[in-house]
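Please look through the structure below with attention to its aromatic side chains and to one of its helices. The explanation follows the display.

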Amino acid sequence: MKKKHILFTVLLLLFSFIFYFFTAGQRMLEEFAAQTLKEVALGKNGKGYFVNFQEFSIEWGNSRIEATGISIIPHINQEKNSWVNGTVDTLIIEFSNLYLGALSKNITIEDLRIIHPNFQYFWNENTQNKNKKVHNPIPKFDALRARLSKIGIHTISILNTEFNGYLVTNNYNHLHIFHTSQNFILEGLKFNLDSLDNKNKVVDLEKFHFSSGPTFMKGHKDLYQYQFDTLLISNTGDFFKLGGLKLSPQYSDDTFFKMIGKQTDRFIVEIESLEGHGLAEKELFNQDRFHLDKIIINSLNANIYRDKNFEEDSSVIKQLPHISLKALDFQLAIDSIELKNSQLTYQEKSKDATHAGHLPITHINGVISDVNNKNENIIQLELACELLDKADTKLSIDVFLGRKEPYFMTAEGHIDAFPLSALNQFTHDNMGVQFQRGIATAIDFNAQLNDSIGRGNLDFFYQDLKIKITGKNDSKSSVIESIAGFAANNLVHRNNFKNRKPRHAPLYYKRIQYKSFIHYLIHTVMSGAQTAVIGTYSQLPDDEKKAYKKHKRDAKKKHH
């Protein structure tokens with residue numbers, strides 16, 4: 001009798017333990033599944049959220065859990081400046097050994113699949129917070145690396161995901177700020193957690209795949225918005241491919257400049273496709289180095305517009321390219337960047353003008369080689385295009401990262417023949433100058449830029465030049481403008497060469513620090529245009545102007 005009593009007690013304890021094990025195990029796995037979903041949707045901000053399952057099943061023999069009909073909702077009584085509502089169709093987690101993981105609380109995941117998550121992010125407008133958080137639908141892979149390294153996991157699949165973001169204004173309107181649909185797959189993950197100091201060896205993987213469908217992103221009261229049709233990032237074949245990208249202002253040009261209140265460049269950029277090739281797999285999660293063999297930009301169409309009726313903003317210093325590259329906190333190494341079949345239009349409205357002048361540059365094709373921010377690197381650019389959609393143009397640039405003096409950049413260029421009347425689309429509305437006839441048969445230039453002054457030489461071949469001085473907003477000439485045009489034409493004709501000898505001019509331009517590098521380069525080259533036509537040498541400082549003229553006179557006497 002006593003033995004039966006002991007046996008009954010043992011069986012009771014055993015059944016109690018089994019019941020407790022399965023009950024506690026299920027509760028622990030439900031919490032684990034909920035925390036996993038919170039991590040995907042919310043990062044580290046999962047406190048105060050509930051995760052509910054319509055169905056939750058555990059297959060102990062197969063080391064597998066599955067949940068369906070999942071909802072993620074914030075606690076109704078918790079005040080938040082931002083919150084998330086979400087649903088997930090299916091969550092599947094497969095473990096290496098569910099029994100041992102439940103007992104030891106050390107869970108290793110073989111496969112994590114999240115199917116059709118649909119998350120809506122909301123945040124309140126906060127006029128007091130100047131350093132507002134920027135919400136972005138594109139994942140940060142460095143943050144992902146840091147999270148994944150905390151657990152062992154072999155495969156992750158997050159499929160058919162939808163993200164939407166809404167700003168709740170102070171008037172309780174909901175503004176749709178971003179939308180994206182995404183798929184994300186990682187396979188063959190291996191973490192070398194003993195080698196965290198060597199970031200090249202933190203993670204190995206067999207397959208990485210991220211794809212995104214139509215996506216847009218815009219900020220409330222922000223100047224710009226962007227959208228794209230497709231984005232693919234993968235460690236097989238091409239590293240990434242971006243299609244149908246467009247960056248544009250959210251407002252009309254008049255509203256755009258009134259909001260800023262200062263002179264600036266307004267950009268519209270469209271890219272048919274942008275491809276990256278040749279990423280080393282071991283560097284995918286490396287925050288200290290980014291290396292690609294090649295980037296190809298196909299059919300870039302850019303429009304830049306500046307309205308000079310506003311005051312210049314002298315409070316911002318625009319960095320030069322060699323300084324910006326050196327300032328990066330990671331090593332950038334891109335062997336080549338190819339630009340294909342692209343075009344750029346620059347528009348400028350001068351003070352008191354009613355229309356902007358246009359300067360189109362079309363059929364742009366070029367290569368930038370060895371973009372690398374190591375100390376002694378030389379970045380080279382070879383570019384071919386059509387200036388004003390008429391003149392074949394070639395440009396070569398070398399940027400020396402390890403040098404400031406005597407110059408950090410050299411440039412050489414050649415422009416083939418074009419009718420000077422093609423300049424009227426820019427000079428008439430902008431300067432009140434019309435080219436009535438004339439041909440620029442060739443323009444050659446070279447330039448050297450340091451951090452403050454650009455120098456060089458310009459040779460201008462032209463024939464039969466005649467100009468008309470008008471107002472900026474019409475084609476008529478006042479009496480004073482007619483006299484100015486007559487004087488200018490007489491001076492031009494007197495210096496117009498009929499043979500092949502060019503008009504030569506030295507280049508000199510002092511950099512304006514609050515204007516861009518492109519402005520610096522173009523104005524350095526253009527600084528010799530007036531001298532090439534009428535011989536004023538006004539671009540040079542007084543002492544250099546005197547020395548240059550004396551040198552020319554001495555050379556002329558020696559020649560005779």
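Phe178 has a relative accessible area of 4% in this predicted model, and because the limit for buried is under 20%, Phe178 counts as buried. Tyr121 is buried too, at 17%.

The structure holds 19 aromatic pairs. In one of them, the ring centres of Tyr121 and Phe178 lie 6.4 Å apart and the ring planes meet at 45 degrees, so this pair is tilted. Tyr121 belongs to strand E5 (residues 109–124) and Phe178 to strand E7 (residues 174–187), so the pair ties together parts that are 57 residues apart in sequence. Both residues also belong to an aromatic cluster, formed by Phe119, Tyr121, Trp123, Phe163 and Phe178.

A further pair consists of Phe122 and Tyr166: the centres of these rings are 5.3 Å apart and the planes are at 20 degrees, so the pair is stacked. Phe122 is in strand E5 and Tyr166 in strand E6 (residues 153–168), which links parts of the chain 44 residues apart. Phe122 has 12% relative accessibility and therefore counts as buried.

The helix to look at is H6, which spans residues 424–431 and is mostly covered, with six of its eight residues buried. These are Asn424, Phe426, Thr427, His428, Asp429 and Asn430. What do the buried residues of H6 pack against? Their partners are three strands: E17 (331–349), E18 (357–372) and E23 (433–449). Just after H6 comes Gly432, with a positive phi of about 70 degrees.

Methods. Residues numbered from 1 in each chain as written. Predicted model: local features only at pLDDT ≥ 70, side-chain atom pairs only at ≥ 80, totals over all residues. Heavy atoms only, no water. Buried < 20%, exposed > 50% of the residue type's maximum accessible area, 1.4 Å probe, protein only. Helix = DSSP H or I, 4+ residues; strand = E, 2+ residues; numbered from the N terminus. Contact = heavy atoms within 4.5 Å. Phe/Tyr/Trp six-rings, centres within 6.5 Å; stacked < 30°, edge-to-face > 60°.
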